[in-house]
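The following paragraphs walk through selected features of one model. Please keep the sequence and the coordinates open while reading.

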Amino acid sequence: MKEAVYIGKNPSAQPDLQKLIHEVALGDQDSFAAVYDAVAGSVLGVVRAVLRDQAQSEEVAQEVLVEVWRTAPRYRPERGTVINWVLTMAHQRAVDRVRSAEAAAARDHKAALLDRTPEYDEVTEQVENRLEREQVRRCLRTLTEIQRQAVTLAYYRGLTYRQVAEALALPLGTAKTRLRDGLIRLRDCLGVSA
């Protein structure tokens, strides 16, 4: 009969994890150190396979091993081996970290979209402004030349009655009348109620 050849440690030299976890449940720190040494590499391997980031993997592996210390009294041998219990915990914690990171990224993305979303519909606003400008231009064309000049000087250039009268070489009263008549015609053309 040939003797089995083992690469690495001899399996019979592995610690009795079930006995050790029972002692850990009683608060034995030396037993926890033995469990830690026995499972830390496997825990890191499982976590690293899920997270693919060394720093996060090490952090999650530490969290899992702390959880093993805290929850050792909950281990039930009838539900599986100690190593399976620990590795299941490691896998769950790693998946939770991935989900947490994805949820945070989704929240950040949503917040960024909200920051860029205007409070109003810019396209609609632009179209409405363009239509209003076109309607005002159309209505301005219905005014007499002197009314159109008076309205343009007063409202588009910001001139006073006196400045409009001087610019058009009209008496002040005539400039006021032309401006008033032009505004009344514009109001009627635009359908604005007084």
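How many disulfides does the count come to? The model is a predicted one, and the count comes to one disulfide, taking sulfur atoms within 2.5 Å as the rule. The pair is C139 and C189, whose sulfur atoms lie 2.0 Å apart. The torsion about the S-S bond is -75 degrees, and the link of C139 and C189 is left-handed. C139 belongs to helix α5 (residues 122-140) and C189 to helix α8 (residues 172-190), so the link ties together parts that are 50 residues apart in sequence.

C189, with a relative accessible area of 27%, is partly exposed.

How do the axes of α5 and α8 cross? They come within 9 Å and cross at roughly 130 degrees. That angle makes α5 oblique to α8, because only an angle over 145 degrees would count as roughly antiparallel and 65 to 115 degrees as roughly perpendicular. α5 passes α8 in a right-handed crossing. On the α5 side the contact is made by Q135, V136, R138, C139 and L140, and on the α8 side by L186, C189 and L190. By class, the residues of the contact of α5 with α8 divide into six nonpolar, one polar and one charged.

Another helix pair is formed by α2 (residues 29-51) and α3 (residues 54-71), whose axes come within 8 Å and cross at roughly 140 degrees. Is this arrangement oblique or roughly antiparallel? α2 is oblique to α3, because roughly antiparallel would need an angle over 145 degrees. The crossing in which α2 passes α3 is right-handed. From α2 the contact takes in Q29, F32, V35, Y36, V39, A40, V43, L44, V47, R48 and L51. From α3 the residues are Q54, Q56, S57, E58, V60, A61, Q62, V64, L65, V68 and W69. The residues of this contact of α2 with α3 divide into 15 nonpolar, five polar and two charged.

Q29 is one of the α2 residues in that contact. Is Q29 buried or exposed? Its relative accessible area is 61%, so Q29 is exposed, the limit being over 50%. Q29 and W69 are 40 residues apart in sequence, while their C-alpha atoms are 8.9 Å apart in space.

Backbone torsions come last. Most residues other than glycine have a negative phi. R52 is exposed, with a relative accessible area of 66%.

A169 is also a residue other than glycine with a positive phi, near 55 degrees. A169 lies in the loop between α7 (161-168) and α8. Its relative accessible area is 69%, so A169 counts as exposed.

Methods. Residues are numbered from 1 along each chain as its sequence is written. This is a predicted model: local features need pLDDT of at least 70, side-chain atom pairs count only at pLDDT 80 or more; totals for chains, interfaces and linings use all residues. Side-chain values use heavy atoms; hydrogens and water are left out. Helices (H or I, at least four residues) and strands (E, at least two) are DSSP runs, numbered from the N terminus. Buried means under 20% relative accessible area, exposed over 50%, partly exposed in between (1.4 Å probe, protein chains only). Axes are lines fitted to C-alpha atoms, for helices over the stretch in contact, and angles run from 0 to 180 degrees between N-to-C directions. Angles under 35 degrees count as roughly parallel, over 145 as roughly antiparallel, 65 to 115 as roughly perpendicular and the rest as oblique. A crossing is left-handed if the near helix is turned anticlockwise from the far one by less than a right angle, and right-handed if clockwise. Contact means heavy atoms within 4.5 Å. Ala, Val, Leu, Ile, Met, Phe, Trp, Tyr, Cys and Pro count as nonpolar, Asp, Glu, Lys and Arg as charged, and the others, Gly among them, as polar.
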